[in-house]
Amino acid sequence: MRQGEDEKIAVLILAAGKGTRMKSDLPKVLHPLAGRPLLAHVVDVAREMGPERIVAVVGHGGSDVRAAFAGQGLIFVEQTPQLGTGHAVLAAQEAFSDFRGSVLILCGDVPLLTSETLRQFIALHRQRQMLLTLLTAKLDHPGGYGRVVKDENNSLIRIVEEKDATPEEKAIQEINTGLYCVESSFLFEAVASIGQSNAQREYYLTDIIAIGRQRGLPMSSFLAVDPDAIMGINSPDDLRRAEMILAARAR
C-alpha cells in the first residue's frame with residue numbers, strides 16, 4: 001500500500017540553477033517568458049494541483065528570486081553550495097518535516113508544463129499506489145538528457161546522465177524530465193543516502209530510483225504525450241522556441 005496520508009500533496013520546485021548558457025547575470029528562473037518570469041509559469045501550474053505548500057529551492061541570485069515572489073505564499077530554501085539536484089532536495093528537508101504525503105518535484109525552468117499533464121501524472125501515481133513515479137518523454141534527439149533505463153518488463157532500473165552513459169544507453173530515446181511524484185516517507189530518507197560517484201561529482205536526485213530498485217519498492221513512470229510540455233529552458237534559443245509554443249497554444 002502506498003504510504004501517503006489522505007492523498008495530501010505538496011510541491012517542491014528546484015530553482016537554484018545559474019543558467020550559464022543564458023549568457024545573463026539574471027537568475028535563470030527570472031528570465032521572462034510571455035512577459036512573466038519562467039518560475040511564475042511553474043508556480044501557476046503547481047497551484048492548480050491544490051498543494052498544501054509550495055517550496056522553492058533557490059541558489060544563484062536567490063535574494064532576487066525571493067524579492068520577485070514576495071507575498072505569494074512560497075516557502076524559500078537556500079541551497080549553498082549547489083551540489084546537484086539530490087543535494088537541492090535534501091536542503092528542503094526541514095520545510096517538509098511535518099508533511100506526510102506525495103511530493104511533486106518540479107523544475108523552475110520547465111515553464112510549458114500543463115495542468116492536464118500533471119493531473120494525469122498524479123492520478124497514475126495514486127492509482128498504482130507507487131512510492132515514486134517519474135515523468136518521462138520520448139525525443140527523436142535526446143542529446144543532453146538523462147536516459148531512462150528499464151528492464152524487459154518495462155520497469156524502472158535507473159536513470160543515467162549522458163556524461164555517464166555508455167553508447168548503448170545514449171541510444172535510448174526515453175528521457176528523464178526531472179519531474180517526479182514521490183512519497184515523502186521515501187524521498188528524504190533516500191536522498192540522504194545518495195553518493196556522488198559520477199562525472200560531475202554531484203548528488204543526483206535520479207539515484208533514488210536505483211535505491212528504490214535495490215529495495216524492491218513500487219516505482220513507475222508516466223510518458224508525457226506532449227514533449228513540448230517538459231521542455232527545459234537552457235539558452236536564449238530555448239526561450240524563443242518557448243515563446244513560439246505559447247503563442248501557438250494561445251491561437
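Me: What does the accessible surface of the protein come to, and what share of it belongs to carbon and sulfur atoms?
Reply: In this predicted model, local features need pLDDT of at least 70 and side-chain atom pairs count only at pLDDT 80 or more, while totals for chains, interfaces and linings use all residues. Residues are numbered from 1 along each chain as its sequence is written, and side-chain values use heavy atoms, with hydrogens and water left out. By the Shrake-Rupley method with a 1.4 Å probe, the accessible surface of the protein comes to about 11600 Å², and the share of carbon and sulfur atoms is 47%.

Me: Which radius of gyration does the protein have, and what would a compact globule have?
Reply: The radius is taken over C-alpha atoms, and the globule rule is 2.2 Å times the number of residues to the power 0.38. For 251 residues a compact globule would come near 18 Å, which agrees with the value for the protein, 17 Å.

Me: Which residues of helix 7 are buried, and within what arc do they fall?
Reply: Helices here are DSSP runs of H or I with at least four residues, strands are runs of E with at least two, and both are numbered from the N terminus; buried means under 20% relative accessible area, exposed over 50% and partly exposed in between, with a 1.4 Å probe and protein chains only. In helix 7, residues 207–214, the buried residues are Ile208, Ile209, Ile211 and Gly212. Taking the directions from the helix axis to the C-beta atoms, these buried residues line one face of helix 7, because seen down its axis they fall within an arc of 160°.

Me: Against which elements do the buried residues of helix 7 pack?
Reply: Contact means heavy atoms within 4.5 Å. The partners of these buried residues include helix 6 (184–191) and strand 7 (132–138). The others are strand 9 (156–160), strand 10 (174–183) and strand 11 (219–223).

Me: Is Lys23 buried or exposed, and what is its relative accessible area?
Reply: Lys23 lies in the loop between strand 1 (9–15) and strand 2 (32–33), and it has a positive phi of about 55° although it is not a glycine. Lys23 is exposed, its relative accessible area being 74%.

Me: Which peptide bond is cis, and what is its omega?
Reply: Pro81 is placed in the loop between strand 5 (75–78) and helix 3 (85–91). The cis bond runs from Thr80 to Pro81, with omega near -10°.
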